[in-house]
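Here is a short briefing on how the strands pair. Keep the sequence and the 3D view open while reading.

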Amino acid sequence: MTSLSFGPRLRELRRAAGLTMEELAEASGVSGRAISDMERGRSRAPQARTLAALADALSLGAADRAALVELARSGRSESKAGRPRVGELPREVSDFVGREPELELLRRHAATASDRPTPVVVVHGQAGLGKTAFAVRAAGRLGDRFPDGTIFVDLRGTDATPMAVGEALRRLLRALTVDPRDIADDEVERASQLRAILRTRCCLLVLDNAAHEAQVRPLLPGAGAGMVLVTSRRALGGLEGVLRIGLTPLATAEAADLLRAIVRDASDRAADEEVASVARLCGNLPLALRIAGTRLASRPGWTMGHLAERLSDTDRRLANLAAGDLGVEPAFMLSYAHLSVSAKATFRRLAHVPGVDFAAPLAAVLIGTGAAPTRADVFAAEDHLDELVELGLLQSAGEVRYRFHDLIRLFAGERLRAEEPPEGRAATHRRMVDWLLETAIVAGRWFEPGFGAPPEDWHGLVALDTAEQAQVWLQVERDNWLEALRRAATAGAHQRVVDVAEAMVWYSDRTIDWGHWSEVYDLSRTAAARLPDRRRQITHLNYAAWATSTCEKRHEESAALAMDAYRLAGELGDLAEQSNALWYAGEAWSFAGNPVDALWAYCRAQELADAVDSHDRYVQIGIGLGRALNELGRFDEALNEFREVLREIDSRPVGPAPALVARMSARIHMARTLADARRWEAALDEASRALPLAVEFGGLSPIGQAHLTLGRAHAALGATDEARDHLTRAVTLLEEGKAIRAAIALARTELAALDR
């Protein structure tokens, strides 16, 4: 049996048959582009009809045909988690028609000289005009003009809550390969980061589905060689110095061409007047034409005249085609009527999904009946999703994820309310929330010291066999599980909210740039306060204190939360939580520039940690204690504290990960203290030991701190070239790693002193 995957095997069979890709396309009726995508592995699981057509064209025997089908099936059943990609264009439609004057106008505008503000184009018009398809088509034609790539972001302008500016900036920066840890917390600073990057890159930004000017303005570059293409239902008249292209319905001839391109065989037999009639009944609206044409193409027994007759139902057509944003509902209903019973249920219930996109496992949960879904249910859901995509009721959002067009999401919601009783909708909603939160707990616990891999009796619908898979799921589904957490909190599911938050503690340390950890731990703090376990309340006060300081930089507020936790823990006599609370308070005061209070908190926290054998926390607190002593100018005491930390790491049962962090931090701060004390030879030696540990840990800020001390030491010892190299690296790493401002300022000052 061949060991090839589906794509290479298809290529092998085509070549064995002596066919070029074009000849196979002609013989099978499958487009050459689709065949190319399959052979290159971009499309690994074609529909059954497509497989049958290819097998027939290749004259495959029963054994080869069955093997090819099995390869396609195995391609679908593989774990599809993968690493999420950011900012890729949606797939371009193969039968795009018209818009040549507008595309030519864009081409000329893209040739604008780069010694002026980046050109901005706003493509606007009513729903269903194909603004997104136009933007993707234009991006494909103009791609060669932008060597640094094209980035696509859906701003969700027609949602009840459009995408926040800060989130849009984060996605753009991630697409530009900015490390999540380096993305600024402040929205204004994020916008500045984006402008700074785009000043030196020639990129095309496609900002799709904008809500209003205020959402778009912070996303626009300053001067640069790139270009921005914005689509919106509005003209965005408040944006100055932009080119506006207003789309209108297709011309009659173009609408007919689009229908014929979609329908193919049926259109070849149709009279011109029948094609024109369908186009007219669809209002020459591209979205309506596409859905109606797909419906006809999937029913070989129908004719264009039959389709025109169905669309002539005035009550259905006029009541909807003339209804503004919901004007294409008749076309949606045509496609919906063609769905199988199970696909209809899938379509309706997908309206429950709270996030931008989703994958097949969530669809399998939604179409379930209460029993635990299985992998077979996921395969069935994939078939339903493929059916929805084929009929234009769903869009692919990458290889394994799906999303609704905004209007179709509304239509799905209407069908849900019309066809399912309130108690059924409520049960489906609860099932979705429960599954999202249960999976989030299992994924989050991969990073918790007391848990790790899922329990043996857990049989989830997604692959969580490794920590990497868990992290990917938490990231790509975070809009969904976060909204599920909010809904659980609203519903009073306090224990579930607390369980989710506790599963995220160590994972949150890896993703402090996300921007929602403060909300997560505010929800859990509120939930814990309503449970009878007061120790849980203290724990979640501490978590909220951490998020408020580390993620939100609200240090005084964080210290207040931590001290509330300290007082409550004192009332209960819980020494461990008292230690934790004082640790969080010390960190907040330290970051706020208050080493005196920080020193008191660290000293007391370390005493308590020692009393309860909290070894990991004990050595962490020692680092903070040494930092505070150094800030107070008590250098010898600080050095003794760091040396004590190194001894304690070896003598106490400290976990591997905490040990690495503590050992690295102790040496970095010991080197910094030696430099502050002007003991340059010792500082150079200690920083040289710290640098490999920082590189092993991988944090930009610690690496930058080591280079900063190396640069200071080399400068003091007269090695100017070495000093300049280390300090230049330090400035870059500390800025990218979002180190404390004092460290960045020191690195800049030392580098400037070399030049003087």
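His124 has Gly246 in strand 5 as its bridge partner. The model is predicted. The notes below go strand by strand through the pairing.

**Strands 1 and 5**
- Strand 1 (residues 120-124) runs parallel to strand 5, and four bridges join them.
- Strand 5 (residues 243-246) has two faces: Leu243 and Ile245 are on the covered one.
- Arg244 and Gly246 make up the uncovered face of strand 5.
- Gly246, on that uncovered face, is the residue that bridges to His124.

**Strand 3 and its partners**
- Strand 3 (residues 204-210) is mostly covered, with seven of its seven residues buried.
- Strand 2 (residues 150-154) pairs with strand 3 in the parallel sense, over five bridges.
- Within that pairing, Val153 has Leu207 of strand 3 as its bridge partner.
- Strand 4 (residues 227-232) also pairs with strand 3 over five bridges, in the parallel sense.
- Here Ala210 stands opposite Ser232 of strand 4.

- Three strands form an open sheet in the order 6-8-7, with antiparallel pairing.
- Strand 6 (358-359) and strand 7 (395-396) are at the edges; each has a single partner strand, so one side of each lacks a neighbour in the sheet.
- Two bridges link strand 6 to strand 8 (residues 401-403) in the antiparallel sense.
- Phe358 has Tyr402 in strand 8 as its bridge partner.

Definitions and conventions: Residues are numbered from 1 along each chain as its sequence is written. This is a predicted model: local features need pLDDT of at least 70, side-chain atom pairs count only at pLDDT 80 or more; totals for chains, interfaces and linings use all residues. Side-chain values use heavy atoms; hydrogens and water are left out. Buried means under 20% relative accessible area, exposed over 50%, partly exposed in between (1.4 Å probe, protein chains only). Two strands pair if DSSP finds at least two bridges between them.
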